[in-house]
Amino acid sequence: MSAQPVIRTVTDGPDQQTPKYWYGNDPFLTHFFNAVSSTFPEGERFFIRAVRHFAQDGNDPVIRAFVGQEGQHSKAHDVHIDLMLAQGFSGIARFNRVQKRAMGWMNRRVPRLSLALTVAIEHVTAVFAHEFLHHPDYWLEPMHPDMQRLWRWHALEEAEHKAVAFDVYEARGLPLWLRRVAMLDATMGFLGEIFVRHSYLLIKDGHFRPATLWRGLRSLVGRDGILRRLAPHIGPFYHRDFHPNQVDDRSLLAQRCREWGLAAP
Ligand SMILES: [Fe+2]
Ligand SMILES: [Fe+2]
């Protein structure tokens, strides 16, 4: 059973004073996380619509808390997007207009697939969250404090509500094969989308150069690289008996709430 998620807001997140290269003063990795962050607001609005469509009771406190948390995340990452736009990366707004239309269409026309994709992407975000909670020195330490506050808050809440969409999917008796197809689609689609956005940001910023790309690629897929750390957590999702709560983050979550000054569940 999922714990009741708590709705919090992030204070002292990024603003105009936050350094442009906020991830370890590294343009490649900063733009990687910028690319990831830029997909969140439309993605999270998509999750909310997908879960609401199938929830037995929209007033269930767990569903309302999920909607509340994802709604707050959208707003906070919209602020981050506004900073990217102010830095001249106007292409992000164009990507997001396309993403908004595509996701709205999916919610209306293929609601079952939309929920399956939500379940799959929620697992990917839960994997990020698990890593952030367990290894803040690796993930959060290189970030500027403004961004640390944003990402640790978001990670913590993703860990907290990681089973909500999955439980709605199971309660509706939707099929295992669709969940598996959705994960394949979600991982390929997410990697492709991030690759395009990341490349755009690097090109626009004048950092699409062989030395930067080579060094950056090693930090993504080299030994102890970001994607190599995430990948092993994806496999269990394909198991017939998978449930997000099989990985129990609750005690660490409570500990991080105390350390980071966030309300405990
Ligand atoms: Fe979120
Ligand atoms: Fe989420």
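A residue counts as buried here if 20 or more other C-beta atoms lie within 10 Å of its own. Keep that in mind as you work through these exercises on a predicted model.

**Exercise 1. Describe the chain as a whole: its secondary structure, its extent and its burial.**

Solution. Start with the elements: the secondary structure comes to eleven helices and zero strands. Next, take the extent. Along the principal axes, the C-alpha atoms fill a box of roughly 50 × 40 × 35 Å. A compact globule of 265 residues would have a radius of gyration near 18 Å, and the chain agrees because its own value is 18 Å. Then apply the opening definition: buried residues make up 38% of the 265 residues. Finally, look at the contacts. Among those with a separation of 6 or more, 82% join residues 24 or more positions apart.

**Exercise 2. Work out how helix α1 is oriented relative to helix α2, and list the residues that make the contact.**

Solution. Two packed helices are described by the angle between their axes and the distance between the axes. For α1 (residues 27–54) and α2 (residues 61–86), the axes come within 8 Å and cross at roughly 150°. Angles over 145 degrees count as roughly antiparallel, so α1 is roughly antiparallel to α2. The handedness of this crossing is left-handed.

Now collect the residues. On the α1 side, the contact is made by N34, S37, S38, F40, P41, E44, R45, F47, I48, V51 and R52. On the α2 side, it is made by I63, F66, V67, E70, G71, H73, S74, H77, D78, H80, I81 and M84. Sorted by class, the contact has ten nonpolar, eight polar and five charged residues.

**Exercise 3. Find how α1 is oriented relative to α9, and which class of crossing the pair forms.**

Solution. The axes of α1 and α9 (residues 210–221) come within 9 Å and cross at roughly 60°. That angle makes α1 oblique to α9. Here the crossing is right-handed. From α1, the contact draws on P27, F28 and L29, and from α9 on T212, R215, G216 and S219. These residues divide into three nonpolar, three polar and one charged.

**Exercise 4. Carry out the analysis for α6 and α11, ending with the classes of the contact residues.**

Solution. Helix α6 (residues 145–160) and helix α11 (residues 250–260) pack at an angle of about 155°, and their axes are 11 Å apart. The two helices are therefore roughly antiparallel to each other. Their crossing is left-handed. The contact is made by R152, L156, A159 and E160 of α6 together with L253, R256, C257 and W260 of α11. By class, that gives five nonpolar, no polar and three charged residues.

**Exercise 5. Decide whether helix α7 is mostly covered or mostly open, and say what covers its buried residues.**

Solution. Begin with the count: six of the eight residues of α7 (residues 164–171) are buried, and the helix is mostly covered. The buried residues are V164, A165, F166, D167, V168 and Y169. Then ask what lies over them: the cover includes α1, α2, α4 (111–134) and α8 (176–204). Two of these, α1 and α2, are the pair of Exercise 2, whose axes cross at roughly 150°.

Notes
Residues are numbered from 1 along each chain as its sequence is written. Chains are lettered from A and ligands numbered from 1 in the order in which they are written. This is a predicted model: local features need pLDDT of at least 70, side-chain atom pairs count only at pLDDT 80 or more; totals for chains, interfaces and linings use all residues. Axes are lines fitted to C-alpha atoms, for helices over the stretch in contact, and angles run from 0 to 180 degrees between N-to-C directions. Helices (H or I, at least four residues) and strands (E, at least two) are DSSP runs, numbered from the N terminus. Angles under 35 degrees count as roughly parallel, over 145 as roughly antiparallel, 65 to 115 as roughly perpendicular and the rest as oblique. A crossing is left-handed if the near helix is turned anticlockwise from the far one by less than a right angle, and right-handed if clockwise. Two residues are in contact if their C-beta atoms, placed from the backbone, lie within 7 Å. Ala, Val, Leu, Ile, Met, Phe, Trp, Tyr, Cys and Pro count as nonpolar, Asp, Glu, Lys and Arg as charged, and the others, Gly among them, as polar. A residue is buried if 20 or more other C-beta atoms lie within 10 Å of its own, exposed if 12 or fewer, and partly exposed in between; C-beta atoms are placed from the backbone. The radius of gyration is taken over C-alpha atoms; the globule rule is 2.2 Å times the number of residues to the power 0.38.
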